[in-house]
Amino acid sequence: MWATLVAPLFDGIGALMSNEFSVSVLEEAYLLWKGTFKQFMLIPKSTSSEVVYQMIGIDLVELIFKNKEAVMEKWEHRKKGMKVGNDGFTKVQRYNPLIGIPKEFCQIIRVEGQICIPCWKKGIKIVINQKHLEDVHGIEILGYQRLWTEIRDYFVEKKKQIFDKPLKRLNREEFRKKWLDVIKTILTDTYKKIAGFCKLGSDII
Ligand SMILES: [Zn+2]
């Protein structure tokens, strides 16, 4: 949904970014790009950038340069009084590694973005991510980053299987069947282990 509704709004910025040499401006645009995705998915700001980038499934650098090419070509067409449409321009490949992944996956990410209550009572504001729980409180949870690696690898494997079969598409239902129960079980297990560590629905950072 984000890729359809929000990402196209960045097409214009993408073309401008190819001529932008100020690192801070580029960084700002990149942060905005990731930020809209996090807001849309209702996941915390503290979510790993690498995971967010992979969840988005679009190569931003490729997007910038493809958009620049398209803008330049359209400009040349206009100069010659030719009709300008969107046909004939190579589109950036958009992967959808979130295909068939239930909303509970984002809930697992949200859990790890909440403030640890026992530490907060001691004056330390820190999120209850997997590393903190293990290192400080001796509690093991699976953690969304490890889970994401499995989801991503499975997606890549399935994508490879249809690489040379252009008429074949990934089957959303197959992904749903593979992940629904697994993700729900992990979420329930995580909730059980962190009971008392956070007030669900409290501050997410
Ligand atoms: Zn803590």
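## A walk through an all-helix chain

Starting at the N terminus, the elements of this chain read α-α-α-α-α-α-α-α-α-α. That makes 10 helices and zero strands, where helices (H or I, at least four residues) and strands (E, at least two) are DSSP runs numbered from the N terminus. What you're looking at is a predicted model, so local features need pLDDT of at least 70, side-chain atom pairs count only at pLDDT 80 or more, and totals for chains, interfaces and linings use all residues. Residue numbers start from 1 along each chain, as its sequence is written.

Let's begin with the overall picture. The chain has 205 residues, and 23% of them count as buried. Take the contacts with a separation of 6 or more: residues 24 or more positions apart account for 74% of them.

In soluble globular proteins, nonpolar side chains tend to be buried together. Here, the largest nonpolar core holds 32 residues, and those touching the most other members are I101, F105, I108, I109, I128, L147 and I151. Two or more residues come from each of α3 (23–41), α4 (49–56), α5 (60–79), α6 (104–111), α9 (144–161) and α10 (172–194). The core also takes at least three residues from each of domain 1 (2–41 + 59–79) and domain 2 (104–194), with bounds from an automatic or database domain assignment. By a nonpolar core we mean a set of buried Ala, Val, Leu, Ile, Met, Phe, Trp, Tyr and Cys residues joined through C-beta atoms within 7 Å. Zoom in on L147: apart from neighbours within four places in sequence, L147 is in contact with I108, L142 and I186.

Next, look at how α6 and α10 pack: their axes are 9 Å apart, at an angle of about 25 degrees. The axes are lines fitted to C-alpha atoms, for helices over the stretch in contact, and angles run from 0 to 180 degrees between N-to-C directions. So α6 and α10 are roughly parallel to each other, a label for angles under 35 degrees. On the α6 side, the contact is made by E104, F105, Q107, I108 and V111, while α10 brings I183, K184, I186, L187, T190 and I194.

Two methionines are worth a stop. M55 lies in helix α4 and is buried because it has 26 C-beta neighbours inside 10 Å. Setting aside residues up to four places away in sequence, M55 touches P97 and L98. Its C-alpha atom is 8.4 Å from that of R152, 97 residues apart along the chain. M41 sits in helix α3 and counts as buried because of its 20 C-beta neighbours inside 10 Å.

Finally, find L42 in the loop between α3 and α4. L42 is exposed, because 12 other C-beta atoms lie within 10 Å. Its phi is near 55 degrees, a positive value in a residue other than glycine.

Notes. Contact = placed C-beta atoms within 7 Å. Parallel < 35°, antiparallel > 145°, perpendicular 65-115°, else oblique.
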